[in-house]
Every structure is written in C-alpha cells, then in structure tokens.
Amino acid sequence: MQQSDKRIQPLWQQLATVGAFFYSAQPGPRSQTGWAGQGNGQVTLEWHAEDELHFIEQGEFCADGGVPVAMFNRFIWQRNEQGIRLSHGRRGERVFLFELQPQADGCWRSVADHLCINDLYSGQLRPLEQGFELIWRINGPKKDECLVYQYTPDKT
C-alpha cells in the first residue's frame, strides 16, 4: 500500500490541475465505425468526494472532412488503494471503463480489459511535464478504435 500510495498521490494531484483537453480518434484496420477526427475544449472539475473527481468536458469535435459539432462528456476518476478507476458518466449513469495501476516504467495501464456489451476497453496513461496523455483502445466485432487524449492545465 505504501509504495502504491506514493505513486497514486502525485497523479491524483495532477488530475486536479486539468483545465483543457485535446484528443484524436483514429480507427484501426478492422474498424467499421470510421470514427476519425479531432476534438478539444475545456475541462471543469467537480469534486464529489475526497477520492472522486469528475471531469466535465465541453468543446468541439470535428470528424475528418466534417463540420465541427459541440461535444460534452463526463468522466469520473476515483482513487483507491491500488490505483485510479475511470468511468464514463453516460445519461446520468456511471459506466465503468477500466482501472489504471502504476507500472515500473512510469506509465499507468489498465489492470484488465473491460467488457462492455461486445467491446473491450483498455487504457494507458502517461504523465507529461504539463498534464498527461491517456490512450484508450476499444476493440470489438465492429470496433478497432484508438483515442489519444491530452489533458493540460491550460484553458483552450
């Protein structure tokens, strides 16, 4: 616990500094969704408990070759003794995505893939000098997606 806490606390403190995001979505060769494009915007932080922080993301997404559209997401970060859990706030419901645990190389990786209907979700988080990068992978019968988020303390 002591070693884990030494790794968890700095990341938890870094999460509390986030103010902006940028992400890109790229479909893999097996994707049938064509989910490709870029998004960016601001993050408002909402504390729900000492160990639960919500990212309220508002911004724009532009599919490759498309017109920008407004976007809104709620991501729920929860700290525990082993790592940090990430869930998506969807239509008022909490949908668990994956739990990230610290690795020897300084990155954080999902403990296990999470099955949601027919799709597997996994993630990797890499701390940066200013903020962090979160890479999601979504694989399923119709999905082969990679989302790369960059969270920074700066407002866009």
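The largest pocket of this predicted model holds about 600 Å³ of space, a pocket being an open set of points on a 1 Å grid over the protein atoms alone, where a 1.4 Å probe fits, with protein on both sides within 12 Å along at least five of seven lines; the volume is the space filled by probe spheres set on the points, which are joined across faces, edges and corners. Its lining (residues with an atom within 4 Å of a point) comprises 25 residues, of which His-88, Arg-90, Tyr-121, Ile-138 and Leu-147 lie nearest the centre. Strands E4 (69-79), E5 (84-90), E6 (93-102), E9 (119-127), E10 (132-139) and E11 (144-152) each give two or more residues to this lining, and the largest share, six residues, comes from E4; strands are DSSP runs (E, at least two residues) numbered from the N terminus.

Elsewhere, strand E2 (residues 37-49) pairs in the antiparallel sense with E1 (residues 20-27) over six bridges, where pairing requires that DSSP find at least two bridges, and Tyr-23 stands opposite Gly-39 in E2. E2 also pairs in the antiparallel sense with E3 (residues 52-63) over 12 bridges, with Asn-40 opposite Glu-60 in E3, and a hairpin of two residues joins E2 to E3.

Leu-134, leaving aside neighbours within four places in sequence, is in contact (heavy atoms within 4.5 Å) with residues including Trp-77, Leu-86, Phe-98 and Tyr-151.

Residues are numbered from 1 along each chain as its sequence is written. Local features need pLDDT of at least 70 and side-chain atom pairs count only at pLDDT 80 or more, whereas totals for chains, interfaces and linings use all residues, and side-chain values use heavy atoms, with hydrogens and water left out.

Conventions:
Helices (H or I, at least four residues) and strands (E, at least two) are DSSP runs, numbered from the N terminus.
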